[in-house]
Amino acid sequence: MAFDDTLDRSAIWKLGISFFGYMSLLTAMELRLFDLLAGRAATVAEIRAELELHPRLLPDFLDALVAVGLLRREGDRYANSALAEEYFRCDAPTSIVRFFQGARRRWEGLPGALKTGESQVLVRGGSDMFASAHRGQEVWRSLMSWFDYLGAMKNPELAREFDWSGIVDFVDAGGGSGTAAAHVVRENPHVRATVFDLPHAEPAFEEQMARLGMREKVSFHAGDFFTDPLPRADAILFSAILHDWDDEQRAALLRQAFDALRPGGTVLVTNHMIDPDRRGKASSLLVSLNMMLITPGGGGYTTEQCRSWLTAAGFVDTGAQPLGEFESLVTGRKPDDR
Ligand SMILES: C[S@@+](CC[C@H](N)C(=O)[O-])C[C@H]1O[C@@H](n2cnc3c(N)ncnc32)[C@H](O)[C@@H]1O
């Protein structure tokens, strides 16, 4: 058999290398390397002594972390990159360490999930993700940090590029820490924003609003969006919400939004949405699998599916556009005469 020079072999290599990088990141977290380097720089010898490591692998381990952007090296000293300082110190309010550690356990359940179709969180005795407040506010805060991290890649665009000029009352349904609402109000000061979320989300919301200096600008309305009506509004956002639920629950949420919106009001749905051909956007398909590992009935969907759900709920003039590098925004308008 002739050797095929035209075959692009790099896709396999890139997958393998991203696994090595991911394992290096998890190991650095496990060693608490980013905590050791919080706000300081250290030499290989100092890191080695403090973490009690062998000299053979450590220099390449540290330089690999520099190469992937998690550490900085100045002269012979290593420090956290800005990203690691913000997200990978265990004690940072923005820490996403817990999410990454949990992701590894969940994805080890993929073979089982493919056989049974079951969420690996529930199978392993974990609780429903949003009932995690039962496991304490610390778990809840780390969940919110993860969503705020994802939101940081789309909220600025949502606040700037959607036309908020005709909107006064805005409800972020399942708005969590309030970060998206804060972005919208900061960019569009005429908007009055309300975060609607479960009661146990309020303490983390209060803390985040205080951190962002937005406490007076965004209010919190405690409720369950399946059983309590949403507040009356000109615009209602579901950001990273619909992929948590099954089709029936998604339809129920969109009906709730339809009922709460004033005539002419807009529903906005943002999520990692799958491309129509279901092959062009690996990140959205992998996020979909992640949601199926986490939730009993959730998962990804295409922009076209989302638009059809909006139409079924009574919305008109539906549209879809990219939002940030990874997500999409789907919108629909409640008719003026409804
Ligand atoms: C995946 S997070 C998304 C948070 C935020 N919208 C974002 O984009 O970062 C889902 C949010 O929905 C909220 N949620 C879950 N079930 C809810 C319910 N029954 N009623 C109201 N909010 C709920 C959770 O508390 C959480 O804040």
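1. A residue is called buried here when its relative accessible area is under 20%, calculated with a 1.4 Å probe on protein chains only. The model under discussion is a predicted one.

2. By that criterion, helix α12, which spans residues 202-212, has Ala204, Phe205, Gln208 and Met209 buried. Viewed down the axis of α12, its buried residues fall within an arc of 135°, so they line one face of the helix.

3. Which elements cover the buried residues of α12? Among them are α9 (137-151), α11 (179-187), β5 (192-197) and β6 (218-222). Just after α12, Gly213 adopts a positive phi of about 65°.

4. An open sheet is formed by 7 strands in the order β6-β5-β4-β7-β8-β10-β9, with mixed pairing. At its edges stand β6 and β9 (316-323), each with a single partner strand, so one side of each is left without a neighbour in the sheet. From one strand to the next, the twist averages 20°.

5. Of its 7 residues, 7 are buried, so β7 is largely enclosed by the rest of the structure. Strand β4 (residues 169-173) runs parallel to β7 and is joined to it by 3 bridges; Val171 has Ile236 in β7 as its bridge partner.

6. β7 also pairs in the parallel sense with strand β8 (residues 261-271), over 6 bridges. Here the bridge partner of Leu237 is Leu268 in β8. The chain passes from β7 to β8 through helix α13 (residues 247-260), and this β-α-β crossover is right-handed.

7. The pairing of β9 with strand β10 (residues 327-333) is antiparallel and comprises 6 bridges. In this pair, Gln321 stands opposite Leu329 in β10.

8. Two helices that lie across strands of the sheet complete the note. Helix α11 lies across β4, β5, β6 and β7, and runs at about 160° to β4. Helix α15 (residues 303-313) lies across β8, β9 and β10, and runs at about 20° to β10. As point 3 records, α11 is also among the elements covering the buried residues of α12.

Note on methods:
Residues numbered from 1 in each chain as written. Predicted model: local features only at pLDDT ≥ 70, side-chain atom pairs only at ≥ 80, totals over all residues. Heavy atoms only, no water. Buried < 20%, exposed > 50% of the residue type's maximum accessible area, 1.4 Å probe, protein only. Helix = DSSP H or I, 4+ residues; strand = E, 2+ residues; numbered from the N terminus. Pairing = 2+ DSSP bridges. Right-handed = clockwise from strand over helix to strand, strands pointing away. Arc of directions from axis to C-beta. Contact = heavy atoms within 4.5 Å. Axes fitted to C-alpha atoms, helices over the stretch in contact; angles between N-to-C directions.
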